[in-house]
Amino acid sequence: MDSNSEQASGLMQVGIPAIEYVLGSDAVSVEELEARGLLDSPAARLCEFGFSRARLSRESSYALATAATNKLLVTTGVDRTSIDALFYTGATPACHAVETSDPMSAFNYPVAQLQYEMELSQARAFGVSQLGCLGLMASVALARDFLLSNKDASRALCVSADVLPAGCKREMIYNVISDGACAVLLEKECERNHIVAYRQITKGYYWNSIAQKNEIAAAYFPTARNIVRDTLADADLDSSDISCILPHNVSLRSWEILMGLIQIGREKLFFENIGKMAHVIAADNWINLRDAIDAKRLSHGDRLLLFTFGFGANWACMVLEH
């Protein structure tokens, strides 16, 4: 067995049996976002790129994280003491502290609060930050590694939550941003959604997302093409083996370009959520996996491709076997 096959065989030990998510309660059309001054581009242009509305939250990121986590725990009925690790991620600094006017509150971490309030008493807690929209996929990969390296561990839970401040712009480089949270459960020897391969690239040159916005846009497609190609090679697959792409919900037009570069037909892209949900920061790929399952778009044994990009600048790609 070659090294790639050995890697894929090892990664097959961990799968994803359950996903739950919660979105901001207010569905706001791109036309209304434009009227509120929350867009940089005309609403008509963003509609051409595939967006129709965003979901805005009146609650905090932590409140959404709690709701998504509790939803998963209640729906699955999993024993809360059986969860061995909790990974909590958010793209913005506000998501990583429960702050008050007291400087000491900067050390009040939501991952510990979530562990306590959800009664995950046996879970080791980890906060994952500074990865932008990559946070949840990276957390899933870290949770996989945790389970494989700890023989007595059997389950891990990954949670992402992001809520932009009230009045904040809702457009970032021609993409519309929504608020939401997502919880992903991982288990050893799970029969569903086995993690076959994962790659992540960080190009620190692009760390300044404001000053280097144009350079990031120029680097996006060639780096995306390369990481998809290399991840498929790690899994001993080629583009024809992929049954469905579960995207991050950036513009449909950008996905049409990338699909051409990676030579996968547009009919394999699960794009339905781009218009109605917009870009839910780190949660998109996993929300789309859940909804593709619910829509009966996937069959046992399907190979699924997940790709995302985060300011910082980070690119990531994962292959699952459903």
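Between which two helices is the loop that holds Ile-281 found? The loop runs between helix 9 (272–277) and helix 10 (284–294); helices (H or I, at least four residues) and strands (E, at least two) are DSSP runs, numbered from the N terminus. This is a predicted model, in which local features need pLDDT of at least 70, side-chain atom pairs count only at pLDDT 80 or more, and totals for chains, interfaces and linings use all residues. Residues are numbered from 1 along each chain as its sequence is written, and side-chain values use heavy atoms, with hydrogens and water left out.

**Backbone**

Ile-281 is not a glycine, yet its phi is positive. Lys-296, in the loop between helix 10 and strand 10, also has a positive phi and is a residue other than glycine. Ile-281 counts as buried because its relative accessibility is 7%, whereas Lys-296 counts as exposed because its value is 73%. Buried means under 20% relative accessible area, exposed over 50%, and partly exposed in between (1.4 Å probe, protein chains only).

| Residue | Phi | Relative accessibility |
|---|---|---|
| Ile-281 | about 50 degrees | 7% |
| Lys-296 | near 60 degrees | 73% |

The peptide bond from Gly-312 to Ala-313 is cis, and its omega is near 5 degrees. Ala-313 belongs to the loop between strand 10 (303–310) and strand 11 (314–321).

**Largest pocket**

The volume of the largest pocket is about 990 Å³. Its lining comprises 36 residues, and those closest to the centre are Met-172, Ile-173, Asn-175, Phe-309 and Phe-311. On a 1 Å grid over the protein atoms alone, a pocket is an open set of points where a 1.4 Å probe fits, with protein on both sides within 12 Å along at least five of seven lines; lining residues have an atom within 4 Å of a point. Helix 7 (213–234) and helix 8 (252–262) each supply at least two lining residues. Helix 7 gives the most, with five residues. By class, the lining has 20 nonpolar, eleven polar and five charged residues.

**Surface patch**

Met-104, Phe-107 and Tyr-109 make a nonpolar surface patch of about 370 Å². Patches are made of residues with over 30% relative accessible area and no salt bridge, nonpolar side chains being joined within 5 Å. Met-104 lies in the loop between strand 4 (85–89) and helix 5 (110–117). Met-104 counts as exposed because its relative accessibility is 58%.

Conventions: Patch = residues over 30% accessible without salt bridge, like charges linked within 9 Å, V, L, I, M, F, W, Y side chains within 5 Å. Areas by Shrake-Rupley, 256 points an atom, 1.4 Å probe, with all protein chains shown as cover. Salt bridge = Lys/Arg side-chain N within 4 Å of Asp/Glu carboxyl O. Points joined across faces, edges and corners; volume = space filled by probe spheres on them. Nonpolar A, V, L, I, M, F, W, Y, C, P; charged D, E, K, R; others polar.
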